[in-house]
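These are my notes on a structure that I had not looked at before. I went through it one topic at a time and wrote down what I looked up.

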Amino acid sequence: MSVRIAELFNSFQDYLNSEEELREEIRGSVKRLEKSSTEILMILQNIHNDDNFEENIIVSRYCVSAREIFEDVRKDYANLAKVVPKDQYYRFHDQWRFVTQKLCFLASLVIYLEIKVLVTKEAVAEMLGIKNSKEDGFHLDLENFLMGLLQLATELSRFAVNSVTNGDYNRPIEIARFVNELNAGFRLLNLKNDVLRKRFDSLKYSVRKVEEVVYDLSIRGLKPDPNPVSQETE
């Protein structure tokens, strides 16, 4: 082998070694994010099991604990943003795509439990500690955010069922209104991404599931009166 060819292939090996080191750093940050997302999910899953459905209890007991772990999430995304070259975001994007979708779902669930509103993309990006716009380099991709919202709808439909089991008949009505509005919003989008469009198809099942819960409450006479008439004292 000539000296020239040896030098050429040695340079190839140096490049491959550098690439592997970069990927290993990325994997390390992603693993920490996955660990944090699992911890947050375990905390928030308690809303399905706790028979005390008072708003202040849920917020103080579970949302506060979840937000504490989101501080670790912010640090791990900050480290990841330092590692990934600014112009190569989508080259490595698949490595953190799924955990980011999961964390978007968890962030949106925390916000819903706290103040009953649909979280904005900007607010989720802030909770994760990353940029909102792709012009800024490492950012929250719109597809990941939307996938997180679709996961939220699935989780809330389950929450509606469990709320009835635990004697809370108001929450399913609130969830039905929210999920229907979310569905209406998604229908305004012209979804051409195959994965996102297929995931959107599952939203109609979440809507139907919640509507069935509300209908069941109605026929059983358990649906709360939106305009209760106070009885006059004699």
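**Entry 1: a loop residue**

I began with lysine 116, which counts as partly exposed at 27% relative accessibility. For this term I used these cut-offs: buried is under 20% relative accessible area, exposed is over 50%, and partly exposed is in between, with a 1.4 Å probe and protein chains only. The model is a predicted one, in which local features need pLDDT of at least 70 and side-chain atom pairs count only at pLDDT 80 or more, while totals for chains, interfaces and linings use all residues. Residues are numbered from 1 along each chain as its sequence is written, and side-chain values use heavy atoms, with hydrogens and water left out.

Where does lysine 116 sit? I found lysine 116 in the loop between helix 4 and helix 5 (121-128). Helices here are DSSP runs (H or I, at least four residues), numbered from the N terminus. The phi of lysine 116 is near 60 degrees, a positive value in a residue other than glycine.

**Entry 2: helix 4 and helix 5**

The axes of helix 4 and helix 5 cross at roughly 110 degrees and come within 10 Å. That makes helix 4 roughly perpendicular to helix 5. I took axes as lines fitted to C-alpha atoms, for helices over the stretch in contact, with angles running from 0 to 180 degrees between N-to-C directions. Angles under 35 degrees count as roughly parallel, over 145 as roughly antiparallel, 65 to 115 as roughly perpendicular, and the rest as oblique.

Which residues meet here? From helix 4 I noted Thr100, Leu103, Cys104, Ala107 and Ile111, and from helix 5 Val124, Met127 and Leu128. Contact means heavy atoms within 4.5 Å. By class, this contact has 7 nonpolar, 1 polar and no charged residues. The classes are: Ala, Val, Leu, Ile, Met, Phe, Trp, Tyr, Cys and Pro nonpolar; Asp, Glu, Lys and Arg charged; the others, Gly among them, polar.

I also checked serine 108, which is found in helix 4. Is serine 108 buried or exposed? Serine 108 is buried, with a relative accessible area of 0%. Leaving out residues up to four places away in sequence, serine 108 touches Val119, Gly148, Leu149 and Leu152.

**Entry 3: salt bridges**

I then turned to charged pairs. Side chains of opposite charge can pair when their charged atoms come close. I counted a salt bridge where a side-chain nitrogen of Lys or Arg lies within 4 Å of a carboxyl oxygen of Asp or Glu. By this rule there are 8 salt bridges.

One of them joins glutamate 114 and arginine 67, at 2.8 Å from N to O. Glutamate 114 lies in helix 4 (residues 94-115) and arginine 67 in helix 2 (residues 55-83), so the pair ties together parts that are 47 residues apart in sequence. Glutamate 114 is partly exposed at 26%, and arginine 67 is partly exposed at 33%.

Another links aspartate 94 and arginine 97, at 3.0 Å from N to O. Both lie in helix 4, 3 residues apart, about one turn of the helix. Aspartate 94 is exposed at 53%, whereas arginine 97 is buried at 17%.

I noted a further salt bridge between arginine 220 and aspartate 216, at 2.8 Å. Arginine 220 is partly exposed at 48%, and aspartate 216 is partly exposed at 29%.

**Entry 4: the partners of helix 9**

How do helix 7 and helix 9 pack? Helix 7 (residues 171-186) and helix 9 (residues 203-219) pack at about 150 degrees, with axes 9 Å apart. That makes helix 7 roughly antiparallel to helix 9. By class, their contact has 13 nonpolar, 3 polar and 1 charged residues. Among the residues that meet are Ile173, Val179 and Phe186 in helix 7 and Val207, Val214 and Leu217 in helix 9.

Helix 6 (residues 142-165) was my next stop: its axis and that of helix 9 come within 9 Å and cross at roughly 20 degrees. That makes helix 6 roughly parallel to helix 9. This contact has 9 nonpolar, 3 polar and 2 charged residues.

**Entry 5: a last pair**

I ended with glutamate 34, found in helix 1 (residues 3-44) and partly exposed at 40%. The C-alpha atoms of glutamate 34 and tryptophan 96 are separated by 9.0 Å, with the two residues 62 apart along the chain.

Methods: Helix = DSSP H or I, 4+ residues; strand = E, 2+ residues; numbered from the N terminus.
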